[in-house]
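Here are some notes for reading alongside the sequence and the structure. Please take the points in order and look up each residue as it comes.

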Amino acid sequence: MSSFNRYFLEYAFAYLMRYRRKNIFIVIVFSLLVMLLATLFFISSSLEYSLEKKFTRLPDIIITKQLAGRAVPIDEKLLSTLLSIDGVSDGVSRVYGSYLFQKENYTMHIEGVSPFEVIYDPFVEKESQKLTECDGACMLVSSELQNVLRRAAFESYFHFVLPDGRLLKVAIVKRFATKRRPDLHNLAIMDKELAKEIFGYRENEATDIALSVANKNEIETVKRKIALMFPNTEVLSRSDIKKEELGLINYNSGIFLLLFIITFFTFFVIVYDKANGLSSEEKREIGILKAVGWKIEDVLSAKFYEGFLISFFSFTVGITLAFVYVFVFKAPFLEGVVAHETTLHLRDFLLEVHIDFMTLLLLFLLTVPLYIAATLIPAWKIAVIDADEVMR
Amino acid sequence: MKRSSFFLFFFALFFSVLPLGATEYSHDYIVKKIYPMGEKIFKTKCPDVDVTAFDSYVALQTYIDTKSSCKKLAKRYREAVGLYLWGSQRVKKHNGPMPSLTVTHTQKCPVCGMFLYKYPRWVSMIEYKDEKRFYFDGMKDLMKYYFEHPQSIEGIYTRDYYTQKVINAKNAYFVIGSDVYGPMGDEFIPLQTKKEAERFLLDHRGKKILRFDAIDIKTLQALDE
């Protein structure tokens, strides 16, 4: 190809402007397609990144008691036996769950904490330090939860309805912001014994038992031992939970993939149409250029710029739109497609700007060269024929 | 000097067992849960209590319950602080701190040349009397080096397999022939106590438990086959 000659670029631009309507249509469709693909990729990679961070907050092993295939309260005394397993370095019984505030039809998540015991979630650990400043029943609430309670005229305390019908008054001591952790938007932190009362647990019952294993090599061995010792329990390691959740995202990626294929197919139709040949007008134009004295490589240069201008411009517009949609507006309307409603909620994820460069490159290579090729090839076919033959 | 501190250790250990009998907790529960909890409470609520000023557990516990800044806490928290200070901190103060087996990104094992930062669980160290320290990626390589340079040793340290805490290798138990492989293949797996070693032998199909002095060049060579 001849060296960069800005007149070719100008010619290419003028050429595009001549068939303005058609090219604007191509740009719109192209941008839309890139935007769709990019949105899906951005959300997917952002979700995976968030999940990776979530997994670092999990304990090494979680044990729940299972009856009739459902999790039921586990006896805290098991902890003593579990700690006698050599690989286990620490363990804690945890009490947590959800409570439905019927008047406002709002479900809050309750996390019971015990002072001086290990808390695996660093956010909860930090906030729970403030709990020590009260005596009696008290709790910390998230900003959103506090607003909901205020609507129901609960300002400095709240009445929990216990499973046996009694009312339990719990003071609201402080609120915390959950901007960085949207998955904790409805969280209330309180003392473990208080949480047990609210859930109707007996004195030695807990939701599950979490263990730390010092040597990560030993986790599988410890898991097997626990499963043998206590056959009515479900023992999950961090990697088990990881696999499950990543599996969920990949399942929904199946829908992703479907959309991806459909949009790409549409794009391909456009490209195919372009590649199939130029209209007689376009053919004549190339003939004229050759007659005027343009070499084949000049024609191809101009055609290259034409293709490049449209595809690169559309690509940039598409990526920018997708970026704004996902990271600025947090992808409204897409929740059903991307995440399964009962398990993953898109609004629980802080869609952080975490873009995989490889995905962008993939997107670029899938679209731009294809379009340029589709523009160049028919032009090349025409350009190599003699000028007078073309104009006939 | 070494002998008397050895005896002192056992002495302290004996006395540390006494309070254990007073409660219904198992030894594991105490070491794994009560000591860390007691340490947390001690550091945040009453760090001024000096365990060396007391010559009996009962005197220490009474002081904690009545005069220290922890006296307002619930009974089990005060108990935890007392147990921690008497059973753990006191013993540690006698023995002195263990060296930390942390390595930089560039350090290599002198025997095999592998980068040590990749295998933090396996790093072992020999310290010589001239304060030179050599770090290895496993006890096997350490023993190879040890047999070449056995003089003027200040201490040999490695990590207990289960707890990952730094232990004195000379007092440790080693299991060979297990299904746990280190970065150099078959390894001497270090355990701090005989009970741990026996448990490991069963769980991981080990062949033999050896003490440090029982390891000779033949055993070392047998591992490499």
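**Notes on the predicted model**

1. Helix H4 (residues 75-95) of chain B has 21 residues, and from its first C-alpha to its last it reaches 30 Å, close to the 30 Å expected at 1.5 Å a residue. The model discussed here is predicted. H4(B) has a kink of about 35°, centred on B:Leu85. Of the 21 residues of H4(B), 15 are buried, so the helix is largely enclosed by the rest of the structure. Just after H4(B) comes B:Gly96, with a positive phi of about 80°.

2. Helix H2 (residues 27-45) of chain B can be checked in the same manner. Its 19 residues should span 27 Å at 1.5 Å a residue, and the end C-alpha atoms are 25 Å apart, which agrees. The buried residues of H2(B) include B:Tyr29, B:Ile30, B:Ile34, B:Ile41 and B:Phe42.

3. Now chain B as a whole. It has seven helices and seven strands. Along the sequence they follow the pattern α-α-α-α-β-β-α-β-β-β-β-α-β-α. Taken along the principal axes, the C-alpha atoms of chain B fill a box of roughly 60 × 40 × 35 Å. Of the 225 residues in chain B, 45% are buried. Chain B exposes about 12,600 Å², and carbon and sulfur atoms supply 56% of that area.

4. Chain A has 13 helices and twelve strands. It holds 392 residues, and buried residues make up 49% of them. The accessible surface of chain A is about 20,200 Å², with 61% belonging to carbon and sulfur atoms. For contacts in chain A between residues at least 6 apart in sequence, 81% join residues at least 24 apart. The corresponding figure for chain B is 61%.

5. How confident is the predictor in chain A? The mean pLDDT of chain A is 84, and 90% of its residues reach 70 or more. Among the elements of chain A, strand E10 (residues 205-206) has the highest mean pLDDT, 96. The lowest, 56, belongs to helix H11 (residues 335-338) of chain A.

6. The largest nonpolar core has 68 residues, and the members that touch the most others are A:Met108, A:Met139, A:Phe158, A:Phe160 and A:Ile226. Apart from that core lies another, of 30 residues, including A:Phe42, A:Phe260, A:Phe315 and A:Ala322. What does A:Phe160 contact, once its neighbours within four places in sequence are left aside? Its partners include A:Met108, A:Met139, A:Leu167, A:Leu168, A:Val170 and A:Ile198. A:Arg166 and A:Tyr99 are also among the contacts of A:Phe160.

7. Two residues deserve a look for their backbone angles. Most residues other than glycine have a negative phi. A:Ala153 has a positive phi, near 70°. A:Ala153 sits in the loop between helix H5 (143-151) and strand E7 (157-161) of chain A. B:Gln164 has a positive phi as well, near 60°, and its place is the loop between strand E3 (153-159) and strand E4 (166-168) of chain B. Which of these is buried and which exposed? A:Ala153 has a relative accessible area of 66%, so it is exposed, since the cut-off for exposed is over 50%. B:Gln164 has 14%, so it is buried, since the cut-off for buried is under 20%.

8. A:Leu289 belongs to helix H9 (residues 280-292) of chain A and is buried, with a relative accessible area of 12%. Not counting residues up to four places away in sequence, A:Leu289 touches A:Tyr11 and A:Trp294. The C-alpha atoms of A:Leu289 and A:Val299 are separated by 7.5 Å, and the two residues are ten apart along the chain. A:Leu32 lies in helix H2 (residues 20-56) of chain A and counts as exposed, at 55% relative accessibility. Between the C-alpha atoms of A:Leu32 and A:Val213, which are 181 residues apart along the chain, the separation is 50 Å.

Conventions:
Residues are numbered from 1 along each chain as its sequence is written. Chains are lettered from A and ligands numbered from 1 in the order in which they are written. This is a predicted model: local features need pLDDT of at least 70, side-chain atom pairs count only at pLDDT 80 or more; totals for chains, interfaces and linings use all residues. Side-chain values use heavy atoms; hydrogens and water are left out. A nonpolar core is a set of buried Ala, Val, Leu, Ile, Met, Phe, Trp, Tyr and Cys residues joined through side-chain atoms within 4.5 Å. Buried means under 20% relative accessible area, exposed over 50%, partly exposed in between (1.4 Å probe, protein chains only). Contact means heavy atoms within 4.5 Å. pLDDT is the predictor's confidence in each residue, from 0 to 100. Helices (H or I, at least four residues) and strands (E, at least two) are DSSP runs, numbered from the N terminus. The expected span of a helix is 1.5 Å times one less than its number of residues. Accessible areas come from the Shrake-Rupley method with a 1.4 Å probe; for residues, only the protein chains shown count as cover. The bend at a residue is the angle between axes fitted to the seven residues ending there and the seven starting there.
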